[in-house]
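Please read the following note with the model open beside it.

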2 protein chains.
Amino acid sequence: MVQLSPEGTLTPVHIGDYTTEAGVTIPDVTIAYQRWGEFRGDADGNNNLLLIEHALTGDTDVADWWCDLLGPGKALDTDRWCVICTNVIGGCKGSTGPSSEHPDGDVWGSRFPAISIRDQVAVERQFLDALGISHLHAVLGGSMGGARALEWTLMYPSVLSSACVIAVSARASAWQIGIQAAQISAIERDPDWQGGNFHGTGRSPDAGLAAARRIAHLTYRGEQEMDERFGTTPQTGENPLGPYHSPGQRFAVESYLDYQGIKLVERFDAGSYVILTDSLNRHDIGRGRGGLNKALASTQVPTMIVGVDTDILYPYHQQEHLSRNVGNLLGMAKIVSPVGHDAFLAESRQMDRVLRRFLNLSTAEVAAGEGRGGYSI
Amino acid sequence: MVQLSPEGTLTPVHIGDYTTEAGVTIPDVTIAYQRWGEFRGDADGNNNLLLIEHALTGDTDVADWWCDLLGPGKALDTDRWCVICTNVIGGCKGSTGPSSEHPDGDVWGSRFPAISIRDQVAVERQFLDALGISHLHAVLGGSMGGARALEWTLMYPSVLSSACVIAVSARASAWQIGIQAAQISAIERDPDWQGGNFHGTGRSPDAGLAAARRIAHLTYRGEQEMDERFGTTPQTGENPLGPYHSPGQRFAVESYLDYQGIKLVERFDAGSYVILTDSLNRHDIGRGRGGLNKALASTQVPTMIVGVDTDILYPYHQQEHLSRNVGNLLGMAKIVSPVGHDAFLAESRQMDRVLRRFLNLSTAEVAAGEGRGGYSI
């Protein structure tokens, strides 16, 4: 009998030791999760479980960041589906990460090992084992969450009936690695970073983390949407056209980006930011599998691919590549939006249609699979 | 009689005091320039002068950075045209800038005022006055040089017979301001910046300037070209997939970007980088002219607009906007390239055709103008 957490409550689960892809053992890993909707079906077969994968600085609270999409009667209908979202290993929202306590009583800090997307997925599999679950109707996610969903289809295809992979690519591109390395560098060059061992020192690399977020945000948002909102408008009470250049005299868009930086500093750990950004740099489904296209072709999990037309971080041609090469394409959808990458979070109306279509198609696939003897369960 | 510098030799010209758009006077400004080809024609009327405008960290040596395009028989045919390129005010390649000597004998440093694109053009006009020149066949430039060429058509239309505006927009976009502010911030957060007064202290914000350049370079190069070159290849002898994240274990693209940063530090002043990047943030041809489109429509200088299909810094829709609204469109050209913004420097074959077409069209316009009594000379 599967015992799940009280609805909506962040709940830690001890999943035991975990050894990373690169060979470091993390003892007694905790993974925190939230759950909505009642579990129905077979924990080892056909059931109503949807595993949602959050993005880089996201968290388990899907009811918050996809508030238009999760709930009774919504696309992720909690009257029908049992939705689970775990906080990623390496994160700072309840799961073991660089800011967690090390077995020696101090903080992990720089001792926390590198984490790959595959590690994130392997840990999640171990988490499901701890709950007594060995099958899911679907895994869904965008951005880093999309990378996790894609790796799920390759690492544990027999666990999934379907996947929805949103706004991501088959591997990191050189440009992504470049811009993500710039963010890591902004943190590591902050003197308060202290080599990653800043926890408990009374100093933290807030300026570096804020700088990283400002850069990142420019890859999350489309330039046309930002320009419509801010253009060259000066920030109220400041004069960026004054006689001398001054950091305190800003355009409105600078103030907006500063605010994004400050908001992240208030809610996120710089160590987790470095570890998770590095995991995106390591994203490569072709590694050890004979290359990207061979890897993609190898899975038979019915997979829906979703992209955003104005995404500069994961340009749409990357989702076209996925859709051309994935072994069992369930469907493809393009979000049309000036917002850029973040459209999978911001364009609720379009995402509602995409997710409903995905769940209809994947449900039909499962029904058909049962009819012909089943391909996945 | 116009006396010009020896061919190819960087030559300083004292142009007197200059007062910026925002009201600060810089005494005894020096502007350095290079010249190729013999001057022919009327210094105050029809002549063979082409003024080339360099980009942000460019310099006067057009024979170097457009080596395929400048020279005898090339598109900028120095047997036919007299080509001039000035180093921008605020720069560090011979013209007065933050690293120049202040009248008090110390370095300008943080006392150097903010410079707008309009200041760059007004100073250049003053420079031409000092040489005894009051007419040009054309002004050409890309990126910041394109912003200068565009301002020339609005500030001094009677001086120009034509202009070629490449890979730029009518004003800074919010995204550009954001990413450029991130670069300025990377320098200003370097403790060795010392508020801009680092010259002569034995410390300079090399790490900050290199970080700025790494970010900038990602806006200059197309993601597809970078991915073809580097993909997820590790740097030789390093392992970015190792058990711990380490700044010393890099992907090849990180090493490439680090190299771009180091190269810039060796050749460019951080103070100039801040001043000139800030000038791009101030770029707005609509300021004080009733808005962008009214300003664009107001000039009758025949203007060619050139863009790059994969430019993320100055996306092609910005050049489409210019071409739709400019008062006298001589022509439009699209460089098709995976290289991105830098294609106007890198795609020599296409740029050769664009510049030949521009000079043919502009020469025909001048001839037609003479036939019907002249519109510009």
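Predicted model: local features only at pLDDT ≥ 70, side-chain atom pairs only at ≥ 80, totals over all residues.

1. Thr11(A) has its place in strand β1 of chain A, which runs over residues 11-19; helices (H or I, at least four residues) and strands (E, at least two) are DSSP runs, numbered from the N terminus. Although Thr11(A) and Tyr33(A) are 22 residues apart in sequence, their C-alpha atoms are 5.4 Å apart in space. Leaving out residues up to four places away in sequence, Thr11(A) touches Ser5(A), Pro6(A), Ile31(A), Ala32(A) and Tyr33(A), where contact means heavy atoms within 4.5 Å. A polar atom of the Thr11(A) side chain also lies 2.9 Å from the backbone oxygen of Thr9(A).

2. Residues are numbered from 1 along each chain as its sequence is written, and chains are lettered from A and ligands numbered from 1 in the order in which they are written.

3. Chain A is divided into domain 1 (11-172 + 286-370) and domain 2 (176-277), with bounds that come from an automatic or database domain assignment. The C-alpha centres of these two domains of chain A lie 27 Å apart, and 32 residues of domain 1 are in contact with 25 residues of domain 2. Between them the domains bury about 2300 Å², 59% of it on carbon and sulfur atoms; buried area is the accessible area (1.4 Å probe) that two parts lose on being put together, summed over both. Of the area that domain 1 of chain A buries against domain 2, Leu56(A), Thr57(A) and Leu313(A) supply 27%, more than any other three residues.

4. Which residues' side chains meet in a salt bridge at 3.3 Å, N to O? They are Arg221(A) and Asp342(A), and a salt bridge here is a side-chain nitrogen of Lys or Arg within 4 Å of a carboxyl oxygen of Asp or Glu. Across the interface of domain 1 and domain 2 of chain A, the rule finds 1 salt bridge.

5. Chain B can be laid on chain A with an RMSD of 0.0 Å by a turn of 180° and a shift of 0.0 Å along the axis, the superposition being by least squares on the C-alpha atoms of residues with pLDDT of at least 70 in both. The two copies are thus related as by a two-fold rotation axis. Moreover, 100% of the interface residues of chain B are also interface residues in chain A, so the copies meet through the same surface.

6. At this interface, 57 residues of chain B are in contact with 57 residues of chain A, and the two chains bury about 4500 Å² between them, 63% of it on carbon and sulfur atoms. In chain B, Trp175(B), Glu223(B) and His245(B) lose the most area to chain A, together 15% of what that side buries.

7. The count between chain B and chain A is 2 salt bridges. The side chains of Asp227(A) and Arg171(B) also meet in a salt bridge, at 3.0 Å from N to O. On the side of chain B that touches chain A, α4(B) gives the most, with 11 residues.

Terms used
Heavy atoms only, no water. Polar contact = N/O pair within 3.5 Å; in protein donor to acceptor, adjacent residues only side chain to side chain.
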